[in-house]
Amino acid sequence: MGAMEKSANFRYELTQHAWVRRLLTSRWPQFALRAVTLAGFVLVLLTGFMGSPIGSRNFAVMFVWIAWWSALKLLMLPFGGRAWCSICPIPMPGEWLQQGWLVKPGGKKFGLGLRWPRQLRGTWLQSAGFAAIGLFSAWTLTTPIVTAWIFAGLIIVAVAVSVVFEQRSFCRYLCPMGGFIGLYSGLAPLELRPQPHLTTEAKILAAKEWPRGCPWINNPAALKSNANCGLCLECLRTETGSQMQLNVRSFDAELSQPSSFRLDEAFLSLGLLGSVMIYTAIFQGPWGVIKNAALNVGTLAWWGFAGIFLLTSFGLLPATLAGATWLARTFGQAAQPLRLMFTRYSRALLPLGLLSWIAFTISFAFGKMAYLWPVVSDPFGWGWNLFGTAGMEWQPYLVNATPVIEVLLLAAGLIWSGKSVLDTTEQLGTASQRRWSALPVILFALAITVIMLWLLIG
Amino acid sequence: MAASKFNVTVFKTILGIILPLLILAAPLPLPEAQPTERHFRIEASQFAYTPGVLRVNPGDQVTIELVATDVVHGLYIDSYELQTSADPGQTAVLNFTAGQPGVFRFRCIVPCGQMHPFMLGKLQVGPNLLFLRAVLMSVAGLLLWVLWKNPRISATS
């Protein structure tokens with residue numbers, strides 16, 4: 001497998017410039033950004049609880065689900081990986097308690113600092129959280145008070161977890177958005193990594209210090225993936241921080257390397273593929289029956305919707321991919337276990353998943369963005385006009401360009417995943433002349449692409 | 001040797017750009033249906049249009065009767081930029097010529113409840129060529145990429 005590793009991927013170290021390293025090593029710029037996001041978060045809570053109950057007239061719904069959720073998927077995640085996690089306000093109060101001060105460790109620390117239970121590690125809980133948001137999505141995305149309760153609940157749980165468990169256990173093991181972001185962050189052209197030529201002695205020395213220095217409970221000296229690196233930059237701020245570097249890299253740099261992928265990550269990958277199809281059907285489709293079923297929580301129609309959502313995302317798609325993997329294994333006469341091949345192929349489908357989410361968001365955001373301007377001037381829906389935009393009329397943006405952009409994104413996702421499937425097949429030890437044995441998996445990816453195309457432009 | 005490699009790269013790049021554009025934009029000789037008058041009655045209720053999908057031919061004279069069955073609803077057709085709204089129990093009428101082919105969303109423009117921003121329907125004028133071209137482009141793009149980036153496959157397949 002080592003022979004398969006590709007070393008030709010482009011990398012450019014940003015931290016080689018002293019001013020960049022200084023900027024990142026200082027805690028103040030990051031704190032300033034987090035203060036801004038915290039202010040936004042507080043406004044979301046206030047407007048959600050006290051503002052207009054009409055979603056399209058309330059800052060909480062419009063800001064969270066149109067502005068932030070779209071910016072996350074269109075910009076922060078594809079270009080910055082876990083960049084959002086580095087400025088997320090949700091873990092801030094818990095961190096203040098843990099470190100005893102606002103900006104950096106200093107005062108009296110508060111918390112038990114227990115290790116997160118081994119049985120609960122992985123992304124299963126995050127998958128469940130993301131699925132729960134999906135089940136109630138029509139209600140959540142349209143009801144200010146529900147949005148506010150979700151965020152209030154997240155902050156309460158984050159604080160509670162911070163008091164009992166060590167570091168950012170909440171972010172790593174519980175945050176429903178953390179699972180989504182972490183899974184796709186490996187496709188981003190930004191990474192925090194140890195210096196490539198770090199000696200063993202240096203790694204041992206660093207490992208002694210870094211577990212304290214890494215809030216995400218990593219050993220940065222051994223960091224090879226973006227999945228669990230929250231870009232908090234704390235490792236840069238330790239005594240051995242000069243051994244870490246922030247790189248710009250090619251989009252494919254991480255995916256093109258052989259890497260293990262757990263079963264929980266495979267199910268999350270497929271669950272997110274299923275989720276994006278169902279989100280598209282609810283929010284961009286012409287089927288009122290689905291919209292009303294998703295909205296009317298607790299009714300028989302909603303239970304039917306919930307069943308279809310869960311069965312499709314966590315049953316049908318995994319079962320179909322498992323079947324395609326079995327065929328690929330049989331045709332390729334591969335010696336690897338079916339489970340290993342299934343998880344690796346799930347990893348190869350990540351680009352299609354991410355680009356499907358981006359395509360959905362393009363259609364979603366450009367159609368709804370005009371709702372933002374009035375709520376910027378009137379966040380509570382109380383008739384204010386702070387910036388003179390309260391009366392701006394709704395209109396969809398880029399209606400002619402949107403379908404073409406969606407087509408190009410989905411085609412790019414299919415091609416990227418197709419390439420990754422073939423690379424994976426070779427990495428799994430299938431003889432190169434038998435790499436076409438992966439055709440069933442490629443057809444699976446093609447089927448997902450066609451379904452997404454049909455939902456978006458069909 | 002270097003020049004030949006350069007030529008192959010240029011050829012691949014040009015083909016890689018032209019082929020998708022060709023598939024996406026090349027005119028197709030499709031039979032043209034005679035324009036006729038089309039009449040639709042759309043019932044709008046929270047948060048659905050019934051029917052939700054309208055299919056017409058390019059050039060058809062289209063009349064849409066919008067009937068709101070519960071609260072006030074509107075109807076705005078993307079790209080055509082036509083709009084109307086109807087009070088509960090009332091009917092509003094929209095007349096237009098379907099001059100622009102393609103698939104267009106129509107949306108409610110009067111806040112009508114929780115799912116208002118997502119109350120959508122589709123107007124399809126002529127065959128949905130973009131969808132067909134998109135599927136074709138995806139398959140062609142996948143094949144081209146795989147063959148170019150994996151010469152061993154092209155050699156053995």
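Predicted model: local features only at pLDDT ≥ 70, side-chain atom pairs only at ≥ 80, totals over all residues.
## Strand pairing in chain A

Strand β3 of chain A, residues 244-249, pairs with strand β1, residues 11-13, in the antiparallel sense over 3 bridges. Within this pairing, A:Tyr12 stands opposite A:Val248 of β3(A).

β3(A) also pairs with strand β2 of chain A, residues 190-194; the sense is antiparallel and there are 5 bridges. Here A:Asn247 of β3(A) has A:Glu191 opposite.

## Helices α16 and α18 of chain A

Helix α16 (residues 350-368) and helix α18 (residues 401-427) of chain A have axes that come within 7 Å and cross at roughly 170°. Angles over 145 degrees count as roughly antiparallel, and α16(A) and α18(A) are therefore roughly antiparallel to each other.

On the α16(A) side, the contact residues include A:Leu352, A:Leu355, A:Ile358, A:Ile362 and A:Phe366. α18(A) contributes, among others, A:Ile405, A:Leu409, A:Gly413, A:Trp416 and A:Ser420. By class, this contact of α16(A) with α18(A) has 13 nonpolar, 6 polar and 1 charged residues.

## Contact between chains A and B

Between the two chains, 41 residues of chain A are in contact with 36 residues of chain B. On the side of chain B that touches chain A, at least two residues each come from β2 (48-50), β9 (120-125), α2 (129-149) and α3 (151-156) of chain B.

α2(B) supplies the largest share of that side, 12 residues. By class, the side of chain B that touches chain A has 21 nonpolar, 11 polar and 4 charged residues.

Methods
Residues numbered from 1 in each chain as written. Chains lettered and ligands numbered in written order. Pairing = 2+ DSSP bridges. Helix = DSSP H or I, 4+ residues; strand = E, 2+ residues; numbered from the N terminus. Axes fitted to C-alpha atoms, helices over the stretch in contact; angles between N-to-C directions. Parallel < 35°, antiparallel > 145°, perpendicular 65-115°, else oblique. Contact = placed C-beta atoms within 7 Å. Nonpolar A, V, L, I, M, F, W, Y, C, P; charged D, E, K, R; others polar.
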